[in-house]
Structures are given as structure tokens and as C-alpha cells.
Amino acid sequence: MKIKKHIPNLLTLGNLFCGTLATIFAVQGEFVSVAFFVVFGILFDFLDGFVARLLNVSGELGKQLDSLADMVTSGVVPGIVMFQLIGQRGIKNSGNHHPFSGALNIDGFYQDIKLFGLLLTLASCYRLAKFNLDTRQTNSFIGLPTPAMSLFVISLPLIVEFSDYSFATDLVQNNYFLIGVTFVLSFLMNAELPLFSLKFKEYSFKKNLIKYLFLLVAIILIFTLQYLSIPLIIFVYVVLSIISNYRKKLGF
């Protein structure tokens, strides 16, 4: 038995382990810890594919295992986080380390608007199932990848906790905004919308203009806006992908 063929799968299980811990912290309202483990889970998710290609040991088992791990880290976790956020009123700098309470109103279970947040989990599951059957997504994506959606969602409570931009914290604590974000992200994950990947076949500026522009904008946003930069980077990614698609149709 060759040990090297199991290395990518071990990395994938590292993703699942981080996602499981993030789930526990999401239920407890520990959103900094959630962000920490989701980021590490996504890092493992990147490394398993990279190592599989490097060792030339990719296979169907790894593909299925990867989606199952992603379902937790980038499906269950953001759904729970959004569930926690909707309907709550976090108070910044209140001294309370858990400004969000995810208690479910059992008396009005089917009317509880927090349940809208779990739509992200359902949409993630549907996207990941489609991804496993789709042969078009080897060098690019069709629809927003679940890790990008997950990063968007886990950044929202961090904006409330740490951002100095009051308009942003007010938005994150607005139920209409959160439910709107939930529907938009759920749609984008399953839309027939081609999105570029950051894989480089070659590094010429002309052929990779959109990718270089995205990286430049992302770096500027991170250094200027910190946590607020994360949802903006995802937004820029989608917009630049649409522009790239339009340029291709025009033959540029």
C-alpha cells in the first residue's frame, strides 16, 4: 500500500476536523474561533488538491471526501453563523463576549426568521453535489465556490466586533440585509455564472489581466479595511468575473 496516495485524504480530513470544531464554536457564538478554524479548514482544502496534483494521486475517493468535508466547513458552519446573526441585536464594545444569541423560539418554530440562515447550508449541499458531477469546472468555476461564500459569512460578526465603520455594523445587524445576503449567496452558488480561478497556466499580464487586477484590489482592501475587506473582495471577484466573461464574448 502506497502511503503517498493517502496524504491528500489526510489533509481533507484536516479540513473536516477544522469544520467540526468551527461548528461547535458557531453554536456557542464564539465567532473569532469560528473564523480561525474555517480559515484553516479552507487552507487544508487548498492543500489537499495541490498535494494530490503534485503527487499525481488524485482519484474519485478524494473528490467525494473533499466535498463531504467542504459540506461541513463551508456549508454547515456558515448556515449556523447566519442563523445566529439573523434576528439578533449585537452590542459592540458592550463587554459581553457573546453579543449574539442563537436561541430558537420553539413556540414559533416555523415562523422564526433565523431559519432563513440555514438556506445557505441547503444551497451549499446542492452546489457541492452538482460540482461532483460537473466536468466543466476543472480550470474555472460555475457559480460561487462554497469556501468563498463561507468566508463572506464568517466575516460578518467580525465586522460587528472589530470594525470602526458604523454603517457596516448597522448593516450586519439588519435582518433585511442578512436575509437578502442569504438569498443572493444561495443563488450565486448555484447560478450558471462562470467565475475565474486563480490558477495560472502562464503569467503574461495580458492573458491574466483580470486575475492580477483582482489580486491588487484584494491586497489594497485588506490593508485598508481589514475585516470589512472580506465581503468586498468576494463582491469584486464576482464583478470582475462578469467583466471577464463580457470581454471574452467581445473577443478581447
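In what order do the elements of the protein chain run from the N terminus on? They run α-α-α-α-β-α-α-α-β-α-α.

**Figure 1. Overview of the predicted model.** The structure shown is a predicted model. The protein chain holds nine helices and two strands. Of its 252 residues, 46% count as buried. The accessible surface of the chain comes to about 14,000 Å². Carbon and sulfur atoms account for 70% of that surface. Contacts between residues at least 6 apart in sequence were also sorted by separation: 75% of them join residues at least 24 apart.

**Figure 2. The largest nonpolar core.** This core has 51 residues. Val81, Met82, Leu144, Leu156 and Leu185 touch the most other members. Helix H5 supplies the largest share of the core, nine residues. Leu156 is shown with its partners beyond four places in sequence: Met82, Leu85, Val172 and Leu178. In soluble globular proteins, nonpolar side chains tend to be buried together.

Figure 3. Helix H5 spans residues 146-162 and includes Leu158. Leu158 has a relative accessible area of 6%, so this residue is buried. Leaving out residues up to four places away in sequence, Leu158 touches Phe31, Val32, Ala35, Ser163 and Tyr227. Thr169 is also of interest here. Leu158 and Thr169 are 11 residues apart in sequence, and their C-alpha atoms are 9.4 Å apart in space.

Figure 4. Leu54 is part of helix H2, which runs over residues 31-55. Its relative accessibility is 62%, so Leu54 counts as exposed. Phe46 is exposed as well, because its relative accessibility is 52% and the cut-off is over 50%. Phe50, at 40%, is partly exposed.

Figure 5. The model has 10 aromatic pairs. In one of them, the ring centres of Phe46 and Phe50 are 6.1 Å apart. Their planes lie at 15°, so the pair is stacked. Both residues belong to helix H2. They are four residues apart, about one turn of the helix. Which residues do ring pairs link into a cluster? Phe25, Phe36, Phe37 and Phe40 are linked in this way.

Figure 6. Phe196 lies in strand S2 (residues 194-196). Phe214 lies in helix H8 (residues 209-225). The pair therefore ties together parts that are 18 residues apart in sequence.

Notes. Residues numbered from 1 in each chain as written. Predicted model: local features only at pLDDT ≥ 70, side-chain atom pairs only at ≥ 80, totals over all residues. Heavy atoms only, no water. Buried < 20%, exposed > 50% of the residue type's maximum accessible area, 1.4 Å probe, protein only. Contact = heavy atoms within 4.5 Å. Core = buried A, V, L, I, M, F, W, Y, C linked by side-chain atoms within 4.5 Å. Areas by Shrake-Rupley, 256 points an atom, 1.4 Å probe, with all protein chains shown as cover. Phe/Tyr/Trp six-rings, centres within 6.5 Å; stacked < 30°, edge-to-face > 60°.
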